[in-house]
Amino acid sequence: MTTTSLRILVNGEPQRVASPATVGTLVALRRPRPPFAVEVNRRLVRRAEYESTPLAEGDCVEIVTLVGGG
Amino acid sequence: MDPAPLKIGPYAFRSRLFVGTGKYSTYELMRECLEASRCEVVTVAVRRERLYDAQNRSLLDFLDTKRYTILPNTAGCFTAEDAIRVARLGREILEQLENPGASWVKLEVLHDKKTLLPDPIGTLEATRELIKDGFHVMVYSSDDPAAACRLKEAGATSVMPAGSPIGSGQGVLNPNNIRIILEMLKEGDPAYPVIVDAGVGTASDVTIAMELGADGVLLNTGIAHAKDPVAMARAMAHALDAGFLAARAGRISRKLYATASSPVEGVIVY
């Protein structure tokens, strides 16, 4: 039996996640250090929407935080 | 020194110096500089989550988010669309931190990587969108009075004209334009906040900006890359106070010839 997986891009780098997956699955997998924010295909995904936002093949995910800047 | 509070949208600050958190050699140094500058507002950038130092520490380990109001920027964005995305991401993060800065953004839509000058069209587009989305927009602009007027008309909470290009250390290159911007934006609206953003190289640049009538100054590199950043941060705080006070004290007019300060009468020279 083969498990299907999705190929997505996270912060510009390819990553595979087991299908089906949501933003919540990905966050649980990567455990980014809080605080952070996530967008999928250039659209912000709010925290309350993580579990209800499915990931699809080829999705571009960005996980960002605050850094020093002017 | 007890200047009137600076009111910007829903915020009020005693310090009129906004300081960036970028480019310091260590986080410890940054923290010390922020302290020495007496600032209450610090700017930050939004980036992919991988920028930790050698000890796996991040900016937020050194920034007291209960003390400072964080002003997230959209630095590095060259289109209105990207700036809007970054502004929304920044707000999402600041909401998690429960920092009051969640409701504003320092909008930068840049034209090119060499000058980092703002793209006036993209800046205006993004300003409109972000205001619709509920942001108080602090908008980085060139020192062009027409651009500044259009941004204020669009609803920007504050227009922040550049003294000179970001990180260039050239100070206020066109004081006349800053004066015209101040006159135009404050006409019938004297409390409208105008902050000189970018280009500060040393303390006197801050004083000049404030003497021209600016409501505040935003800087980063001038402190972070000084030989002694903590001493420069302290100097910037004093320079700001000096300029603020001088602007309200009313300077003398410039004259071509000398006028003696000592009485002519009673001089013993024949």
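This is a predicted model: local features need pLDDT of at least 70, side-chain atom pairs count only at pLDDT 80 or more; totals for chains, interfaces and linings use all residues.
Strands here are DSSP runs of E with at least two residues, numbered from the N terminus, and two of them pair if DSSP finds at least two bridges between them. Strand β1 (residues 5-10) and strand β2 (residues 13-18) of chain A run antiparallel and are joined by six bridges. Within this pairing, A:R7 has A:R16 in β2(A) as its bridge partner.

Charged side chains come next. Over all chains, a search of the whole structure finds 21 salt bridges. One of them joins B:R48 and A:E62, with an N to O distance of 2.7 Å. This contact crosses between chains, leading from strand β4 (residues 41-48) of chain B to strand β7 (residues 60-68) of chain A. B:R48 is partly exposed, at a relative accessible area of 32%, whereas A:E62, at 15%, is buried.

Within chain B, a salt bridge of 2.8 Å (N to O) links the side chains of B:R57 and B:E28. B:R57 lies in the loop between β4 and β5 (69-72) and B:E28 in helix α1 (residues 27-37), so this pair ties together parts that are 29 residues apart in sequence. B:E28 counts as partly exposed, with 32% relative accessibility. Chain B also holds a salt bridge between B:K106 and B:E108, at 3.1 Å from N to O; both of these residues are buried.

Finally, a network of salt bridges links A:E39 and A:R42 with B:E81, B:D82 and B:R85.

Definitions and conventions: Residues are numbered from 1 along each chain as its sequence is written. Chains are lettered from A and ligands numbered from 1 in the order in which they are written. Side-chain values use heavy atoms; hydrogens and water are left out. Helices (H or I, at least four residues) and strands (E, at least two) are DSSP runs, numbered from the N terminus. A salt bridge is a side-chain nitrogen of Lys or Arg within 4 Å of a carboxyl oxygen of Asp or Glu. Buried means under 20% relative accessible area, exposed over 50%, partly exposed in between (1.4 Å probe, protein chains only).
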